[in-house]
Amino acid sequence: MVYLLQREIQHFFSTFGLSGYQLFIAGRSFRFIVNDLLMILLIYGLYMKRKYVIFAFYLQLIGIILILIPYLVIKYNTPYNGPLVSFLHRLVINPLLMVLLIPAFFYQERYSEIETTKNDTK
């Protein structure tokens, strides 16, 4: 959904007088945050557990620090446009970390059920 609306997002931020690299930062940051928030909503919809949502939110904050900020710094400060930038671009645009949480939480749910069943039969 965010991909389909990217031109409207760019236009929205350009109405605030942003141009060039400021517009790039605003657009990428907005897409990163919205994509991750939508994945957090999906995680909540699938598991209905507050602790999973809180964990996913903290992972989003870590992603901002460890993925988004370095991506923006590398993109702005260096002419390098190789595989590292491409890989970081994919992590910024697609909520891959959040997608990986879904099977991890599923595994956690199943593992805790198995442990509970084992403890009940003892």
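Throughout these legends, Ala, Val, Leu, Ile, Met, Phe, Trp, Tyr, Cys and Pro count as nonpolar, Asp, Glu, Lys and Arg as charged, and the others, Gly among them, as polar. Everything shown is a predicted model, in which local features need pLDDT of at least 70 and side-chain atom pairs count only at pLDDT 80 or more, while totals for chains, interfaces and linings use all residues. Residues are numbered from 1 along each chain as its sequence is written, and side-chain values use heavy atoms, with hydrogens and water left out.

**View A. The lining of the largest cavity.** By class, this lining has seven nonpolar, three polar and one charged residues. A cavity here is a set of points, on a 1 Å grid over the protein atoms alone, where a 1.4 Å probe fits but cannot get out, and lining residues have an atom within 4 Å of a point. The count comes to one cavity of 30 Å³ or more, and the largest has a volume of about 60 Å³, the volume being the space filled by probe spheres set on the points, which are joined across faces, edges and corners. Look for Phe 32, Asp 36, Leu 59, Gln 60, Gly 63, Ile 67, Leu 91, Asn 94, Pro 95, Leu 96 and Leu 97 around it. Helix 2 (21-47), helix 3 and helix 5 (96-121) each supply at least two lining residues, and helix 3 gives the largest share, four residues. Helices are DSSP runs (H or I, at least four residues), numbered from the N terminus.

**View B. Helix 3 against helix 4.** Helix 3 (residues 50-77) and helix 4 (residues 83-93) pack at an angle of about 135°, with their axes 10 Å apart. Axes are lines fitted to C-alpha atoms over the stretch in contact, and angles run from 0 to 180 degrees between N-to-C directions. This angle makes helix 3 oblique to helix 4 (under 35 degrees is roughly parallel, over 145 roughly antiparallel, 65 to 115 roughly perpendicular, and the rest oblique). On the helix 3 side, the contact (heavy atoms within 4.5 Å) includes Ile 67, Leu 68 and Tyr 71, and on the helix 4 side it includes Leu 84, Val 85 and Leu 88. Nine nonpolar, one polar and one charged residues make up this contact.

**View C. Helix 2 against helix 4.** Here the axes come within 8 Å and cross at roughly 55°, which makes helix 2 oblique to helix 4. Arg 28, Arg 31, Phe 32 and Asn 35 of helix 2 meet His 89, Leu 91, Val 92 and Ile 93 of helix 4. Four of the contact residues are nonpolar, two polar and two charged.

**View D. Helix 1 against helix 2.** The axes of helix 1 (residues 6-14) and helix 2 come within 10 Å and cross at roughly 130°, so helix 1 is oblique to helix 2. Among the contact residues are Ile 9 and Phe 13 of helix 1, with Leu 23 and Phe 30 of helix 2.

Terms used:
1 Å grid on protein atoms, 1.4 Å probe; cavity = no way out; pocket = protein on both sides within 12 Å on 5 of 7 lines; lining within 4 Å.
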